[in-house]
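Subject: Structure handover

Hello,

Here is the structure for you to look over. My notes follow below it.

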Amino acid sequence: MLLTLLLSLVVWPLMAQTAAHDSVQGRKKVAVVLSGGGAFGAIHVGALKVIEEAGLPVDMVVGTSMGSIVGALYSVGYDSQDIATMFRTMDWAELFLDRGNYWHNTLSEREALNTYIYERDFYVRGSVDPQPGGLIRGTNVEKTFAYYLQGYTDSINFLRDLPRQFACVATDLVTDREVVLTHGSLVRSIRASMSIPGVFTPVHMGDMVLVDGGAKNNFAADVARRLGADIVIGVKFDLGLGTDKEYRTLMDVMERSAGSDVSRRARDNEKHCDLLVRVPVRGYTSGSFTRGAINTLLARGEEATREKMDSLLLLKSQVGPLPAGGTAMHLRDIDHLKAPDDERRGLVDTHEPGTTEASLGLRFDNEDIVAAQLNSRYFLPGKRRKELDLTLRLGLRSMLRLGFDFQPRPWRHMGLSYELWYKYSDLYTRGRRSDNLSMLYQRADAKLFGLDAMNFDCELGLGWEHYHVFGSLHNEHSVHTFDRNVHYYNYHARVRYNSEDRHYFTTRGTRVEASYAYYTDNMSQWRGHSGFSAVAAMWQTTISLARGTQVRPGVQGRLLYGDDVPIMASNVAGGMTWGKYFPQQLPMAGVGHSEFFDSKLISASLRLQQRITGQHYLLLDGSVTEHNDKLDRIFDRKPLWGARVAYFYNSGIVGPLGASLGWNSYTHRVNFFVSLGYDF
């Protein structure tokens, strides 16, 4: 009797679980096999939509690489519509990078996120991850899918504990063998299955070092059979490269040659399928994650599967008796997902002591031609955060920066920094090139007090600046005299507030900055009399008129007080960004180059931002500017106005790519500017 009782306790749950997956005893088990292929994974979502319409129950999903991601989502209960929404709304550039949460960073760190195209931390102390083995850690992949797979993030059995049975394929670098993952962490398993060697860091599981399963079995129909599937439906992409004349692009050659052995096995595995759906993906690559490409691939997957509708209905008739209401499986809904209760909010310091963070930035434009910037931050060991910073910029404007930052208390800062610039730039007078300067610019700052808060920071400090002009070429349009050497000390204060949701193509939020600086040449006076002062401020806010349409009004200005202000400290305006060629330079619509203005400068601006489609944007900028040496007479002159129209494509990873065309009443000249990449 005791033995019978023990057997019943073991056997009955297994029978009940089997019944849960089979829905009705005696019917055949149906498996769907999804191949790898990066962006080609969107075809699987379209195929699942048609399978659902046919009413064919799916008991098991076997996936590789991107197919494992789609398969895991489907196995926990999302339907094709939910997964299609994820594909369309996912920020794939952020997903496949290791950038931290935008709102967990300080304002200076947010600027870095909008400067560098690649950022990576390296461990230099201890035994933690001494050899990362990949460019990208995949931390955002794990965070994102831990969110979507809520309720199934613990160690589980994928064949027993999910609404649909699931398995995914990875490759073990230690044994050079295929590994079928059916238990453990669901998030880590799909992370291993899609870890492209050399791009993503491998996933360590016990003695195994796992990478992308596509290296061994990109279409695992044989795995579905081994796991007990009676009917196998396979979905795979078709590059459509049948003849030698069709290998026209580098991507065609790379995708076919890199996976020749895998392709042969994939063809062999087709024999395990009762129904095979080949989806043509010609014209796209595995990296085509744009919104337009995703929509097209979703549609192609649906179209190719719909052509097999008769075969799907035939298989449905062979499955056996179905439960009332179809599969009787409760489907999840992404609209009902909630943020985890333990999700961190506000500023979060994720930098571990003893690590180095390296970043790379690249940009091209028709003025600087090409520029590259490298940054390295080393976080010293110890209880209180201490950071060494090294930045190197290469281009017509080259720069070396060294810095040390110390936090006596969390988010309170003190520090020292030194910058050395070599600048080669043209200066303009009312739109005519008048001067050409090559010079060294040095700057040293002592941050006596700094405070970081959510969307806010402030700073008090001392500074020293020095200009050394190597050469000055001028023509008949020049009206300025440049000292060969000039230096000054300053006492400065600055406050910033920024709630904008993004640096480029902002859709909501407000940005405010204000600063004051007092300049001397001996810490108390300037050329034998009182020093001169600079007061600068700006405000801009973004108002959404409709989905994809925003307006951004703003005002800015810089006021100088005092006598004998050196030309290098005077007001400069022009370009699309702050601090383009001079630290104090203000942007001005329609003025493409650096222009010097009077000591009191005030400007109002308005931008209309229209998202045309996807990540394509049209920008219309207008500005009105007043300047004079007397503040009470600043409106006596005829105002200067400028306008600019620009088109940009927001590439996500490498930054905005576009061009602008502008004109203004000050220079009476048309300005054309091409900008490719983040500004720095």
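The accessible surface of the protein comes to about 31,800 Å². Carbon and sulfur atoms hold 57% of that surface. Please bear in mind that this is a predicted model. The protein has 680 residues, and 50% of them are buried. Its secondary structure comes to 13 helices and 33 strands. Among contacts with a separation of 6 or more, 63% join residues 24 or more positions apart.

Helix H4 and its partners

From H2, the contact uses Ala42, Val45, Leu48, Lys49 and Glu52. From H4, it uses Ser80, Ile83, Ala84 and Phe87. By class, that contact holds six nonpolar, one polar and two charged residues.

Now H3 with H4. Here the angle is about 135 degrees, with the axes 10 Å apart. That makes H3 oblique to H4. This crossing is right-handed. Met66, Val70, Leu73 and Tyr74 come from H3. They meet Ser80, Ile83, Met86 and Phe87 of H4. The contact of H3 with H4 has seven nonpolar residues, one polar and no charged.

Ser80, Ile83 and Phe87 of H4 are listed in the contact with H2, and they are listed again in the contact with H3.

Helix H8

Which residues of helix H8 are buried? They are Leu186, Val187, Ser189, Ile190, Arg191, Ala192 and Ser193. That is seven of the eight residues in H8 (residues 186–193), so the helix is mostly covered. Note that Arg191 is on the buried list.

Two backbone points

Two residues have a positive phi without being glycine. Ser65 has a phi of about 55 degrees. Ser65 sits in the loop between strand E2 (60–64) and H3. With a relative accessible area of 9%, Ser65 is buried, since the cut-off for buried is under 20%. Asp176 is the other case, with a phi of about 60 degrees. Asp176 lies in the loop from strand E6 (165–172) to strand E7 (177–181).

A serine in strand E32

Last, Ser660. This residue is placed in strand E32, residues 656–664. Is Ser660 buried or exposed? Its relative accessibility is 4%, so Ser660 counts as buried. What does Ser660 contact, leaving aside neighbours within four places in sequence? The partners are Met576, Arg644, Val645, Ala646, Asn671, Phe672 and Phe673.

That covers my notes.

Best wishes

Key
Residues are numbered from 1 along each chain as its sequence is written. This is a predicted model: local features need pLDDT of at least 70, side-chain atom pairs count only at pLDDT 80 or more; totals for chains, interfaces and linings use all residues. Side-chain values use heavy atoms; hydrogens and water are left out. Contact means heavy atoms within 4.5 Å. Helices (H or I, at least four residues) and strands (E, at least two) are DSSP runs, numbered from the N terminus. Ala, Val, Leu, Ile, Met, Phe, Trp, Tyr, Cys and Pro count as nonpolar, Asp, Glu, Lys and Arg as charged, and the others, Gly among them, as polar. Buried means under 20% relative accessible area, exposed over 50%, partly exposed in between (1.4 Å probe, protein chains only). Accessible areas come from the Shrake-Rupley method with a 1.4 Å probe; for residues, only the protein chains shown count as cover. Axes are lines fitted to C-alpha atoms, for helices over the stretch in contact, and angles run from 0 to 180 degrees between N-to-C directions. Angles under 35 degrees count as roughly parallel, over 145 as roughly antiparallel, 65 to 115 as roughly perpendicular and the rest as oblique. A crossing is left-handed if the near helix is turned anticlockwise from the far one by less than a right angle, and right-handed if clockwise.
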